Amino acid sequence: MTIDDRLREAGITLPTLDIPAAAFRPYVLHDRQLIVSGQLPVRDGKALFTGKVPDRVSVSDAQSAARLCVVNILAWAHHATDGNLGRIQKVLRLGGFVATSEGFADAPTVINAASELVTQIFGERGAHARIAIGVASLPLNAPVEVEATFALEP
Amino acid sequence: MTIDDRLREAGITLPTLDIPAAAFRPYVLHDRQLIVSGQLPVRDGKALFTGKVPDRVSVSDAQSAARLCVVNILAWAHHATDGNLGRIQKVLRLGGFVATSEGFADAPTVINAASELVTQIFGERGAHARIAIGVASLPLNAPVEVEATFALEP
Amino acid sequence: MTIDDRLREAGITLPTLDIPAAAFRPYVLHDRQLIVSGQLPVRDGKALFTGKVPDRVSVSDAQSAARLCVVNILAWAHHATDGNLGRIQKVLRLGGFVATSEGFADAPTVINAASELVTQIFGERGAHARIAIGVASLPLNAPVEVEATFALEP
């Protein structure tokens with residue numbers, strides 16, 4: 001199965017994104033390293049989830065948000081590889097950040113949803129290192145943010 | 001324009017820093033990768049801004065602090081390249097951390113000041129990936145910390 | 001002195017760890033880069049320290065926790081190098097995260113314990129870049145988490 005097959009199987013249609021005019025880039029591709037900036041649970045420019053976990057956003061919704069972060073990561077990876085995600089040799093690392101309410105420390109359960117989706121899409125190449133950290137706040141008041149690093153084929 | 005020209009144009013004089021005796025290094029240069037440790041808004045060994053954003057430090061002051069973090073990053077990059085910042089081929093990634101008060105989630109507006117300065121100095125080579133995260137606390141009670149990764153010319 | 005000698009001198013016996021069935025990996029080794037996932041102060045599967053610093057966990061205990069994170073990093077590095085830590089050419093970066101109580105900003109004092117142990121074990125090769133950040137919460141309610149990046153010998 002190709003990566004495009006696995007995306008279809010997962011019911012994921014990658015959004016077509018344009019590099020925004022901004023002070024930074026959604027990704028940098030240099031030599032064979034692809035670094036994708038922290039992605040938020042945004043679709044069509046709108047934040048779909050806002051608030052801390054679990055007081056305002058349930059763990060289950062935060063997992064949906066984490067998956068949406070991954071979809072946006074994949075969309076940028078698609079852009080960076082000119083539509084050929086098969087050029088990705090390895091997912092190296094995910095940086096997972098969860099805005100946690102006082103008393104909640106289970107960022108891993110939220111970020112697992114991101115890790116599982118990455119593994120589902122990339123198979124063995126998707127086995128990655130990661131951090132899963134509870135933070136004070138995230139852009140757009142998002143409950144989750146995920147950044148990613150990939151190695152590309154020579 | 002050279003990078004030194006752009007620094008002059010931006011009114012920036014890089015401080016001359018000595019590697020401190022410490023448990024870690026301000027930067028590591030290995031192969032062609034330069035990793036600069038998290039830098040704080042410190043000048044002449046003194047923290048110029050302290051406290052969380054926006055309760056104790058305004059967003060505007062936090063932006064000044066973010067620019068000072070970048071100046072310190074550049075000073076270490078200058079040290080690492082024996083004074084030749086032109087050896088920097090690409091700014092790969094900034095990690096931006098803002099100590100945010102409850103209810104404030106706009107780390108990006110603060111870190112944009114760092115991103116814009118990096119882009120101003122390095123031009124196209126300065127277009128970078130990043131994260132901008134709100135955290136609970138930063139060393140020296142700083143409002144902002146920025147780390148950076150660079151690729152050097154072969 | 002070999003690295004094994006230095007481990008003995010430091011009184012450290014590395015635990016033998018098995019890659020757990022999980023959504024991510026404790027480390028990724030790709031080309032010559034070894035990325036170790038965020039490690040917690042866990043021994044034999046049990047969290048030895050829980051709570052924020054300094055309200056629930058003293059700075060001194062948090063330093064012990066930081067050293068235990070490093071022991072787990074070393075155990076995974078040992079696994080990744082088939083038992084030959086001498087293949088590690090350079091410690092590139094530590095990411096240090098401390099769950100801080102309101103009013104405490106001294107993550108560096110905690111993470112210094114990790115940095116010093118790394119330097120003790122690897123000598124000059126252990127001189128590393130790092131961040132030391134105060135965060136809202138960490139997995140298992142841990143006071144400290146440390147991730148690491150290494151470069152391996154060609």
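**Figure 1. Helix 2 and helix 3 of chain B, seen where they pack.** In this predicted model, the axes of helix 2 (residues 59–80) of chain B and helix 3 of chain B come within 8 Å and cross at roughly 40 degrees. Axes are lines fitted to C-alpha atoms, for helices over the stretch in contact, and angles run from 0 to 180 degrees between N-to-C directions. Helices (H or I, at least four residues) and strands (E, at least two) are DSSP runs, numbered from the N terminus. Helix 2 and helix 3 of chain B are therefore oblique to each other. Angles under 35 degrees count as roughly parallel, over 145 as roughly antiparallel, 65 to 115 as roughly perpendicular, and the rest as oblique. Helix 2 of chain B passes helix 3 of chain B in a right-handed crossing. A crossing is right-handed if the near helix is turned clockwise from the far one by less than a right angle, and left-handed if anticlockwise.

Which residues of the two helices meet? From helix 2 of chain B come Val59(B), Ala62(B), Gln63(B), Ala66(B), Arg67(B), Cys69(B), Val70(B) and Leu74(B). Their partners in helix 3 of chain B include Val110(B), Ala114(B), Leu117(B) and Ile121(B). Two residues are in contact if their C-beta atoms, placed from the backbone, lie within 7 Å. By class, this helix contact has 13 nonpolar residues, two polar and one charged. Ala, Val, Leu, Ile, Met, Phe, Trp, Tyr, Cys and Pro count as nonpolar, Asp, Glu, Lys and Arg as charged, and the others, Gly among them, as polar.

Figure 2. Five strands form an open sheet in the order 1-2-7-5-6, with mixed pairing. Two strands pair if DSSP finds at least two bridges between them. Strand 1 (27–30) and strand 6 of chain B stand at the edges, each with a single partner strand, so one side of each is left without a neighbour in the sheet. Neighbouring strands are turned by 10 degrees against each other on average, direction ignored. Strand 5 and strand 6 of chain B pair in the parallel sense over seven bridges. There, Arg93(B) stands opposite Ala129(B) in strand 6. Helix 2 of chain B packs on the sheet and touches strand 1, strand 2 (33–39), strand 5 and strand 7 (144–152). The direction of helix 2 makes about 35 degrees with that of strand 7 of chain B. Helix 3 of chain B lies across strand 5, strand 6 and strand 7, running at about 160 degrees to strand 5.

**Figure 3. The hairpin and its neighbour strand in chain A.** Strand 1 (residues 27–30) and strand 2 (residues 33–39) of chain A are antiparallel, paired over four bridges. Leu29(A) stands opposite Leu34(A) in strand 2. The hairpin has two residues between the strands, and Asp31(A) takes a positive phi near 50 degrees. Next comes the pairing with strand 7. Five bridges join strand 2 to strand 7 (residues 144–152) of chain A, and these two strands run antiparallel. In strand 7, the bridge partner of Gln39(A) is Val146(A).

**Figure 4. The contact between chain A and chain C.** Here 23 residues of chain A are in contact with 20 residues of chain C. On the chain A side, strand 5 (88–99), helix 3 (107–122) and strand 6 (129–135) each supply at least two residues. Strand 6 of chain A gives the most, with seven residues. This side of chain A divides into 13 nonpolar, six polar and four charged residues.

**Figure 5. The contact between chain B and chain A, and the relation of these copies.** The contact takes 23 residues from chain B and 19 residues from chain A. Strand 5 (88–99), helix 3 (107–122) and strand 6 (129–135) of chain B give two or more residues to the chain B side. The largest share, seven residues, comes from strand 6 of chain B. Chain B can be laid on chain A with an RMSD of 0.0 Å by a turn of 120 degrees and a shift of 0.0 Å along the axis. That is the relation of a three-fold axis. Copies are superposed by least squares on the C-alpha atoms of residues with pLDDT of at least 70 in both. Only 9% of the interface residues of chain B are also interface residues in chain A, so the copies meet through different surfaces.

**Notes to all figures.** Residues are numbered from 1 along each chain as its sequence is written, while chains are lettered from A and ligands numbered from 1 in the order in which they are written. In this predicted model, local features need pLDDT of at least 70, side-chain atom pairs count only at pLDDT 80 or more, and totals for chains, interfaces and linings use all residues.
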